[in-house]
Amino acid sequence: MLVAAAAVVEVGLDDDVEDDASVTVGVLVVDEVVVDDVDDDAVRQIRSLKQRGLDKIVVMATRVEDANLLAALEAGANGFLRRSQSTAAKLFETLRTAAS
């Protein structure tokens, strides 16, 4: 199973603004590839996203071997999470880190 999704990550606020109506928020789009295994198909998907100009890619996988993790990173992934270890907080932190 391969799922590609986009997450919008808040990367900054103008804390000096007194009027809430004029606060601007900077955002970046981070693409997330969710797979059971990091395999050749997942690596192709990552390359395809990079070729379309998407620079921020996080992979979430159920299973991964070291060689395949390296291939995903070489293909352009900026972050990685194992599904069994991911919590909402870890996912948010990984997306925020990839966005910066």
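**Note on the predicted model: salt bridges, helix faces and a few spot checks**

1. Searching the whole structure turns up five salt bridges, taking a salt bridge as a side-chain nitrogen of Lys or Arg within 4 Å of a carboxyl oxygen of Asp or Glu. Before going through some of them, a word on the ground rules. This is a predicted model, so local features need pLDDT of at least 70 and side-chain atom pairs count only at pLDDT 80 or more, while totals for chains, interfaces and linings use all residues. Numbering starts from 1 along each chain as its sequence is written, and side-chain values use heavy atoms, with hydrogens and water left out.

2. Now the overall layout. The protein has three helices and four strands, and from the N terminus on they run β-β-α-β-α-β-α. Helices (H or I, at least four residues) and strands (E, at least two) are DSSP runs, numbered from the N terminus. Of the 100 residues, 30% count as buried; here buried means under 20% relative accessible area, exposed over 50%, and partly exposed in between (1.4 Å probe, protein chains only).

3. Two totals for the protein. Of the contacts with a separation of 6 or more, 55% come from residues 24 or more positions apart, a contact being heavy atoms within 4.5 Å. The protein exposes about 6,200 Å², and carbon and sulfur atoms supply 49% of that. Accessible areas come from the Shrake-Rupley method with a 1.4 Å probe, and for residues only the protein chains shown count as cover.

4. Back to the salt bridges, starting with Asp 36 and Arg 83, whose side chains meet at 3.5 Å, N to O. This pair links distant parts of the chain: Asp 36 belongs to strand β2 (residues 25-37), Arg 83 to the loop between β4 (79-82) and α3 (88-99), and the two are 47 residues apart. Asp 36 counts as partly exposed because its relative accessibility is 26%. Arg 83 has 26% as well, so Arg 83 counts as partly exposed.

5. Being three residues apart in α1, Asp 41 and Arg 44 are separated by about one helical turn. An α-helix has 3.6 residues a turn, so residues three or four places apart point the same way. Asp 41 is partly exposed, with a relative accessible area of 45%, and Arg 44 is partly exposed at 49%.

6. Lys 50 forms a salt bridge with Asp 55, with the closest N and O atoms 3.9 Å apart. Lys 50 has a relative accessible area of 28%, so Lys 50 is partly exposed; Asp 55 is partly exposed too, at 47%.

7. The geometry of α1 checks out. The expected span is 1.5 Å times one less than the number of residues. The buried residues of α1 are Ala 42, Val 43, Gln 45, Ile 46 and Leu 49. They cover an arc of only 155° around the axis, which puts them on the same side of α1; the arc is that of the directions from the helix axis to the C-beta atoms. The face turned away from this buried side carries the exposed residues Asp 40 and Gln 51.

8. Both ends of α1 deserve a look. Asp 39 caps the N-terminal end, with a side-chain oxygen 3.2 Å from the backbone nitrogen of Asp 41. After α1 comes Gly 53, whose phi is positive, near 90°.

9. Helix α3 can be checked in the same way. The twelve residues of α3 should span 16 Å at 1.5 Å a residue, and the end C-alpha atoms are 16 Å apart, which agrees. The buried residues of α3 are Thr 94, Leu 95, Ala 98 and Ala 99. They cover an arc of only 135° around the axis, so they sit on the same side of α3.

10. What does Thr 94 touch, not counting residues up to four places away in sequence? Its partners are Val 58, Gly 79, Phe 80 and Leu 81. Thr 94 counts as buried because its relative accessibility is 17%.

11. Finally, Ala 67 lies in helix α2 (residues 66-75). With a relative accessible area of 58%, Ala 67 is exposed. The C-alpha atoms of Ala 67 and Val 38 are separated by 9.5 Å, and the two residues are 29 apart along the chain.

Conventions: A polar contact is a pair of N or O atoms within 3.5 Å; within protein, one must be able to donate a hydrogen and the other to accept it, and residues adjacent in sequence count only if both atoms are side-chain atoms.
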